[in-house]
Amino acid sequence: MRGMNMEVLAVDVGGTKIRSGIINESGEILYDETVKTTYPLYETIEQVVLKIIKKYPAVQAIGIGTTGFVNAKEGKIVYSPLPGWKGTEVKKKLEEKTNLRVEVENDANCAALAEAKLGAAKGYDRILCLTIGTGLGGGIIIDGNILNSPMGGAGEIGHMILYPNGHVCLCGRKGCFEQYVSGTALKRKISEAGLTISPKELFKMGEDETASQIIESFLDDLAVIISSLQAAFDMDIVVIGGGVSESLTDWTDTLIEKTKPLLLREIEIKLATYRNDAGILGASQLVL
């Protein structure tokens, strides 16, 4: 069967949209569609899946990446901010409905898998993928396997504490990583500095003293985070993805310089290959 270049259906479930695609073993997206996230969520996903399978009856398996904590073994949502999604036995229900193998994972882990199998971290054994978007997500892949736990909370690096008694996080604790390294953190810092610009514009204003200070402190914090995570996971490479990573293109060398003196051993630091496609490509790798 593998000689025929297996095709799978990949679904990326987010708070505003659900993206689905047919993807083959080479990582080519053969079909791609996006629908608005509507509720009840499981029913919406089931409808999308059944419609696409009807169109592509050769599909052999389904991979689903979703926001929230996932028990990947059972394919069940442990926790999610999306209404009614928590507790859903996605794998069980969808396998019964489609008679196909279904695998479910957290979306940051899927993004890491895309980089490990097809992207910037291809060929590395120990990989840490940081997703810097609205928050700070992480995926850890050791020897091809995603680091996860039955409660789905492994690799939730955004909620490790960087500054004790610092800014209050959405999780209710103070000083979490994502309160200092994320798009939300940058917006707060920009507003505190009295500027009226977007994070994207900020990184283009490096010669401005105020902008420069915000960027420097952001990169200093990111360097400390990478150093702390190295002590825990001893990864060979750090891949940085997510919306904010696009702004870091001109600042990667600065980040590497800031990180070097803090490391136990030298590691590669690269920007992600896949930005928008990481979710569905990673979901496809769950079953390819």
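These questions and answers concern a predicted model of a protein.

Q: How many helices and strands are there in the protein?
A: The model is predicted. Its elements are helices and strands, and the count is eight helices and 12 strands.

Q: Why can the protein be called as compact as a globular protein of its length?
A: The globule rule gives 19 Å for 288 residues. The protein is as compact as a globular protein of that length because its radius of gyration is close to that value, at 19 Å.

Q: What share of the residues in the protein is buried?
A: A residue counts as buried under 20% relative accessible area. Of the 288 residues, the buried share is 51%.

Q: Which element gives the most residues to the largest nonpolar core?
A: This core has 36 residues, and Ile132, Phe203, Phe218, Ile226, Val238, Ile240 and Leu248 touch the most other members. Elements giving two or more residues include strand S8 (126-132), strand S9 (136-142) and helix H4 (183-192). The top contributor, with 11 residues, is H6.

Q: Where do the buried residues of helix H7 lie around its axis?
A: In H7 (residues 252-259), the buried residues are Thr252, Leu255, Lys258 and Thr259. Seen down the axis, they fall within an arc of 125°, so they line one face of the helix.

Q: What covers the buried residues of H7?
A: Both helix and strand elements take part. The cover includes helix H6 (209-233), strand S11 (237-241) and strand S12 (268-271).

Key:
Residues are numbered from 1 along each chain as its sequence is written. This is a predicted model: local features need pLDDT of at least 70, side-chain atom pairs count only at pLDDT 80 or more; totals for chains, interfaces and linings use all residues. Side-chain values use heavy atoms; hydrogens and water are left out. Buried means under 20% relative accessible area, exposed over 50%, partly exposed in between (1.4 Å probe, protein chains only). Helices (H or I, at least four residues) and strands (E, at least two) are DSSP runs, numbered from the N terminus. The arc is that of the directions from the helix axis to the C-beta atoms. Contact means heavy atoms within 4.5 Å. A nonpolar core is a set of buried Ala, Val, Leu, Ile, Met, Phe, Trp, Tyr and Cys residues joined through side-chain atoms within 4.5 Å. The radius of gyration is taken over C-alpha atoms; the globule rule is 2.2 Å times the number of residues to the power 0.38.
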